[in-house]
Amino acid sequence: MDTYMQALKTFLCMLLAGGGIVGALADNPPSSLFSVNGKSVSVDEFTQYVRQSEPQGEGVLKRCLDRYIDFRLKVEDALSARMDTLPQFRQQCAVLQGEVLKDYLLSEERMDRACEEMYRKRSERLLSDTWVELTCFTLPLQQHATRAEVQQAEDCMKIVYERLQAVPSLSGLPADTRKGMTVQEHVWRPMRGMLKEFSERLEQLKDGEVSAPFFSPLGIHLLVVYNRREGISEEAARRFWSEYWAEAGDRHPALDSLRFLQWKEGRLADPVLHRQLEEVREGLLATYWDLQHTSDMAAAPVADETILADYFSRHRKEYRWNLPHYKGAVVQCAGKKAASKIRKRLKKLPVTDWADELRRLQAEHPEWEARMECGLFRIGQNAYVDKMAFHCGELPAADPSYTFIMGKRLDNGPDDFRDVLPQLQADYRQWYASSRLQRLRDKYRVEIHEDILKTVNCSGNE
């Protein structure tokens, strides 16, 4: 679930950064581009999705349309299966929508003023206190927890402790070991004012050490210490107060009181916010659908080179570039003589073997001082390629080495599937998943308005 949630949060950040998929168009309803099970999707919604996808090459509209229809089908099927009524879904949805509401209800200007005021009033204490950078794992326990509950929490925290001792990295912890925990990662906290149970252990720990599990009135904890220093910067203090005020509710100093009152009374009629909250809900529904059908998607065959080469051949037009590329290498060495020897050796081999061959040459002739950058170069990425292959720009000044390039220009697109391998692999998986989703297209009616599709602008220009 952690991987899906992270992907979802990234998706939501993209949406919110763009102001949401749909604007406030109540006076001029947007045209319907397609519908799934009778529910319309507007041109504006789809256009924003296309622009956020940063597509390239021919067939952009078809690829994006297929993917977005798949997304809408997943949402529809998840609703049909009543996944939105699951307690876990409702809890996670409330948390994610709360993040959207927090950004909407908190004024950045008021936050700046509140932080500046706090720093001005408390700068003397902030600069004199000892601050510790740490990660804190907490398993909450009720005040009257049973002995079995306490033992279960202690056993779980011991597993975390043992794994951190073996591999001192949070990324090495499986998701199941953190179930039910709250984890505050790499936060700065002042030693003054901490609970005694925390301060005593922090005083004994050295930087880089992990504490043994310990109890406090809040539950059972484990600390990882990274750094400590006297005083704290204004930027770090701002992060500290932002976290502290997050629990303040309607007493938050940056709260927009008018918006909060309207929201509390159910009078907050903002179509952009409403759509953003709906995007959270729909994105989470699609995530739950994916989780339930993971075994189906995992049935995709391993895409070996033969499969990928065939897929690339059938979809070559989709991988055309907007800008020309150069496939080859930029080689720098001691002089023309060394360059001639290197070129003669490399040109007999495929590009994929050039790096290994150059390393062998360097071992034989260290006086050549040769180094190479090999791969695909888009125009504008490398000054030497720009000047020697595309005849534009200027060479770097005062370069003592002799530089030459080897390879070929690719003006329209890649000539080999390996040139676009990561994108090709992702597209193949998406294509296979879409073919598995055909049953949803058979189950729910999908109606596409082809005449409206022609008006969609993929370039991002108005």
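Which residue in β4 does T138 stand opposite? In this predicted model, the residue standing opposite T138 is T182 in β4, and the views below begin with the sheet that contains β4.

**View 1. The open sheet of 4 strands, with the order β4-β3-β6-β5.**
The strands of this sheet pair in the antiparallel sense, and its edges are formed by β4 (182-190) and β5, each of which pairs on one side only. On average, neighbouring strands are turned by 40° against each other when direction is ignored. Strand β3, which covers residues 130-140, is joined to β4 by antiparallel pairing over 7 bridges, and T138 is found opposite T182 of β4.

**View 2. Helices α6 and α7 against the sheet that holds β3, β5 and β6.**
Helix α6, made of residues 147-166, lies across β3, β5 and β6 (219-230), and runs at about 40° to β6. Helix α7, made of residues 196-204, also packs on the sheet, where it touches β3, β5 and β6, and its direction makes about 150° with that of β5.

**View 3**
The side chain of S216 makes a polar contact with the side chain of H221, at 2.5 Å. When its neighbours within four places in sequence are left aside, S216 is in contact with L195, E197, F198 and H221.

**View 4. The open sheet of 3 strands, with the order β8-β7-β9.**
Here too the pairing is antiparallel, and the edge strands are β8 (371-378) and β9 (402-410), each pairing on one side only. The twist from one strand to the next averages 15°. Strand β7, residues 325-333, pairs with β9 in the antiparallel sense over 9 bridges, and the bridge partner of Y326 in β9 is R409. Helix α13 (residues 336-346) lies across β7, β8 and β9 at about 30° to β9, while helix α14 (residues 354-364) lies across β7, β8 and β9 at about 160° to β8.

**View 5. The buried residues of helix α12.**
In α12, which comprises residues 305-314, the buried residues are L308, Y311 and F312. Seen down the axis of α12, these buried residues fall within an arc of 100°, so they line one face of the helix.

**View 6. The stretch of residues 1-29, where the pLDDT is below 50.**
The protein averages a pLDDT of 78, and 77% of the residues score at least 70. Residues 1-29 have 47 contacts in the model beyond near neighbours in sequence, but where pLDDT is low, the predicted coordinates should not be read in detail.

Notes: Residues numbered from 1 in each chain as written. Predicted model: local features only at pLDDT ≥ 70, side-chain atom pairs only at ≥ 80, totals over all residues. Heavy atoms only, no water. Buried < 20%, exposed > 50% of the residue type's maximum accessible area, 1.4 Å probe, protein only. Helix = DSSP H or I, 4+ residues; strand = E, 2+ residues; numbered from the N terminus. Arc of directions from axis to C-beta. Polar contact = N/O pair within 3.5 Å; in protein donor to acceptor, adjacent residues only side chain to side chain. Contact = heavy atoms within 4.5 Å. Pairing = 2+ DSSP bridges. Axes fitted to C-alpha atoms, helices over the stretch in contact; angles between N-to-C directions. pLDDT = per-residue confidence, 0-100.
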